[in-house]
Amino acid sequence: MPDSDVPMTARDLLRVIADYQAVIAENRAYLIELDAAIGDADHGENLDRGMKAAVTRLAETDTPTPADVLKTVATALISKVGGAAGPLYGTAFLRAATAVTGKPELTGSDVAEALRAGLTGLVARGKAEPGDKTMVDAWEPGVRAAERGVEQGRSIRDFLGDAADAAEQGMLATIPLVARKGRASYLGDRSAGHQDPGATSSAMLFRVLANVVDHRV
């Protein structure tokens, strides 16, 4: 079996979370800047705090399965992060954990199923749809790309790369949109011309996921 088709393990997900925490820390000021234009300027701060809490909790918790990793991250985000980032990301990770409960490792279809469950949780929690200028605008094309890759029998490495590309395209597509959800919606037409911070941090997550799978040995 090629490396790219090897199922994802709890160890792989631990690396995803560690790397994502580092990316968020590095881009904290950038995410704050994006959010300052159309929101409360707290997205970078809140998500940075939440991911640091998640990494700390993972170091203190036994996480033998992928679902254990995802659930631990979810509870850390929900309990430690204010604003929209904690509840939304926490719900996404919790729904993903539920989707793969009992699985010792994740096949390509499992990964796509977990991503779909995370997106479903985001939609349910935030009441947002594609085109509302939210993180859903990155997640929805990313998930669809992953599912399409599974249907085509592509490797995990290949379809996660496609999913990351699609999420980044969705992120960029938020720039001309007028926000219809969240604090940005209060600005009306003035929200157009700005990249959504939640879509940006979401695209970063998809890229980290793809990179970890691409570089594992």
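In the classification used here, Ala, Val, Leu, Ile, Met, Phe, Trp, Tyr, Cys and Pro count as nonpolar, Asp, Glu, Lys and Arg as charged, and the others, Gly among them, as polar. By these classes, the lining of the largest cavity holds 17 nonpolar residues, one polar residue and no charged residues. The structure under discussion is a predicted model.

## Overall architecture

The secondary structure of the protein chain amounts to nine helices and zero strands. Read from the N terminus, the order of elements is α-α-α-α-α-α-α-α-α. The radius of gyration is 16 Å, which agrees with the value near 17 Å that a compact globule of 217 residues would have. Along the principal axes, the C-alpha trace extends over about 50 × 40 × 30 Å.

Of the 217 residues, 50% count as buried. The accessible surface of the protein chain is about 9600 Å², and 51% of this area belongs to carbon and sulfur atoms. Among contacts with a separation of 6 or more, 70% are made by residues 24 or more positions apart.

One cavity of 30 Å³ or more is present in the structure. The space in the largest cavity is about 260 Å³. Its lining consists of 18 residues, and those nearest the centre are Leu13, Leu70, Phe93, Leu115 and Leu209. Two or more lining residues come from each of helix 1 (10-26), helix 4 (66-80), helix 5 (85-99), helix 6 (108-126) and helix 9 (197-215). Helix 6 contributes the most to this lining, with four residues.

Leu209 is buried because its relative accessible area of 11% falls under the 20% limit. Leaving out residues up to four places away in sequence, Leu209 touches Met8, Val16, Leu115 and Leu160. Of these partners, Leu115 is also listed with Leu209 among the residues nearest the cavity centre. Leu13, another residue of that group, lies 196 residues from Leu209 along the chain, with a C-alpha separation of 8.2 Å.

| Residue pair | Sequence separation | C-alpha distance |
|---|---|---|
| Leu209 and Leu13 | 196 residues | 8.2 Å |
| Arg125 and Pro87 | 38 residues | 7.8 Å |
| Lys103 and Thr65 | 38 residues | 6.9 Å |
| Gly83 and Leu47 | 36 residues | 9.5 Å |

Arg125 belongs to helix 6. Its relative accessible area is 51%, so Arg125 is exposed, the threshold being over 50%. Beyond its neighbours within four places in sequence, Arg125 is in contact with Pro87, Leu88 and Thr91.

Lys103 is placed in the loop between helix 5 and helix 6. With a relative accessible area of 28%, Lys103 is partly exposed. Neighbours within four places in sequence aside, Lys103 is in contact with Thr65, Pro66 and Asp110.

Gly83 occupies the loop between helix 4 and helix 5. Apart from neighbours within four places in sequence, the contacts of Gly83 are with Asp42 and Asn46.

## Loop residues with positive phi

Ala41 has a phi near 65°, a positive value in a residue other than glycine. Ala41 is located in the loop between helix 2 (28-38) and helix 3 (43-60). Its relative accessibility is 29%, so Ala41 counts as partly exposed.

Lys133 likewise shows a positive phi, about 65°, although it is not a glycine. The residue sits in the loop between helix 6 and helix 7 (136-151). Is Lys133 buried or exposed? Lys133 counts as buried, because its relative accessibility is 1% and the limit for that class is under 20%.

Methods. Residues are numbered from 1 along each chain as its sequence is written. This is a predicted model: local features need pLDDT of at least 70, side-chain atom pairs count only at pLDDT 80 or more; totals for chains, interfaces and linings use all residues. Side-chain values use heavy atoms; hydrogens and water are left out. On a 1 Å grid over the protein atoms alone, a cavity is a set of points where a 1.4 Å probe fits but cannot get out, and a pocket is an open set with protein on both sides within 12 Å along at least five of seven lines; lining residues have an atom within 4 Å of a point. Grid points are joined across faces, edges and corners, and a volume is the space filled by probe spheres set on the points. The radius of gyration is taken over C-alpha atoms; the globule rule is 2.2 Å times the number of residues to the power 0.38. Buried means under 20% relative accessible area, exposed over 50%, partly exposed in between (1.4 Å probe, protein chains only). Contact means heavy atoms within 4.5 Å. Accessible areas come from the Shrake-Rupley method with a 1.4 Å probe; for residues, only the protein chains shown count as cover.
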